[in-house]
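Have a look at it first, and then we can go through it together.

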Amino acid sequence: MATGEHGIEQADIPAGSFLMGDSSGDENPGDGETPQHMVTLDAFRIDATTVTNSAFARFITQTGYRTDAETWKFSAVFHSAIQADLADIIGPVAEAPWWFGIHGADWAHPYGRNSSLDGLENHPVVHVSWNDANAYCEWAGRRLPTEAEWEYAARGGLAEAKYPWGDDEVDARRWRVNIFQGQFPQHNTGHDGWHTTAPVRSFEPNGFGLWQTVGNVWEWCQDWYDPTYYAFPPAMSPTGPDSGTVKVLRGGSYLCHASYCNRYRNSARSSNTIDSSMGNAGFRTVERSKSR
């Protein structure tokens, strides 16, 4: 039963149909961004921003909930953001050595035990697993968006556009998104103004009033992930495969870079296990309808 006050501004998304999937030719092989397919959705309400640190703190204060990172006593932090004693550094991730396992890194200590949320109250909460995001939704009487809802809302009413603002590149005339600039993963110039997360209302909202659906932080969705799902999806309100081993993440993050991870696009997909947490993943929520 819902007991919490969510407190995040809502965007009203009209009912409609859209072509889901990549139309730019920039899809990542193996991610399952194609084939494009028509999807029809009922109207829904979604958070205009990702859930902030201050909103998540209310949930923790009222419930005493412990996140997966707190239970496991570590989480993944990007190498240049670490604020931890040497004894807390577990070591790099084999497949992605720019990520380090850090003892004491969690939602309240995003860069390690020596960091805090001072000045980050309006930044997106990170180091939250799918389990943690779902627990927040239960408290708030909400749910995570389906992958189709997320993409429809992220597109902001622009048909087949590459980005929420259209097809102009992210640095055309001005920076439009928080991603990695420079030589990945060694040096981030921070030309967009941020080296890690940015406040949730940075840059400009899309046509539906959603802020930063691409870049900044990956966003958990409700669906199980399957790279072949787009070949045979239902046309009306798809909810993903019936089962799976990993959940969908959408939108890319402040660590996306054209040379490595160009997933700061409307159609880009990723995934992770339900208990995984890292310093570049958060979530936004959808109003729970009586039919779900």
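A residue counts as buried here when its relative accessible area is under 20%. Keep in mind that this is a predicted model.

**The enclosed helix**

With that cut-off in hand, which residues of α4 are buried? They are Glu147, Ala148, Glu149, Trp150, Glu151, Tyr152, Ala153, Ala154 and Arg155. That makes 9 of the 9 residues of α4, so the helix is largely enclosed by the rest of the structure. Just past the end of α4, Gly156 adopts a positive phi of about 65°.

**Aromatic pairs**

The count of aromatic pairs comes to 20.

| Pair | Centre distance | Angle between planes | Type |
|---|---|---|---|
| Phe78 and Trp99 | 6.3 Å | 80° | edge-to-face |
| Phe78 and Phe180 | 6.1 Å | 75° | edge-to-face |

Why does the pair of Phe78 and Trp99 tie together separate parts of the chain? Phe78 belongs to strand β5 (residues 74-78) and Trp99 to strand β7 (residues 96-103), so the linked parts are 21 residues apart in sequence. Phe78 and Trp99 are both buried.

Elsewhere, ring pairs join Phe56, Phe59, Tyr65, Trp107, Tyr136, Trp139 and Phe283 into a cluster.

**Charges over rings**

Two charged side chains deserve a look as well. Lys247 lies over the face of Trp224, 4.0 Å from the ring centre. Arg269 lies over the face of Tyr230, at 4.5 Å from the ring centre.

**The mixed sheet**

An open sheet is formed by 4 strands in the order β13-β12-β11-β14, with mixed pairing. At its edges stand β13 (269-272) and β14 (281-282), each with a single partner strand, so one side of each has no neighbour in the sheet. Strand β11 (residues 218-224) and β14 run parallel and are joined by 2 bridges. Which residue in β14 is the bridge partner of Trp218? The partner is Ala281. Helix α3 (residues 130-140) packs on this sheet, touching β11 and β12 (247-250), and its direction makes about 80° with that of β11.

Notes. Residues numbered from 1 in each chain as written. Predicted model: local features only at pLDDT ≥ 70, side-chain atom pairs only at ≥ 80, totals over all residues. Heavy atoms only, no water. Phe/Tyr/Trp six-rings, centres within 6.5 Å; stacked < 30°, edge-to-face > 60°. Buried < 20%, exposed > 50% of the residue type's maximum accessible area, 1.4 Å probe, protein only. Lys NZ or Arg CZ within 6 Å of the ring centre and 35° of its normal. Pairing = 2+ DSSP bridges. Contact = heavy atoms within 4.5 Å. Axes fitted to C-alpha atoms, helices over the stretch in contact; angles between N-to-C directions.
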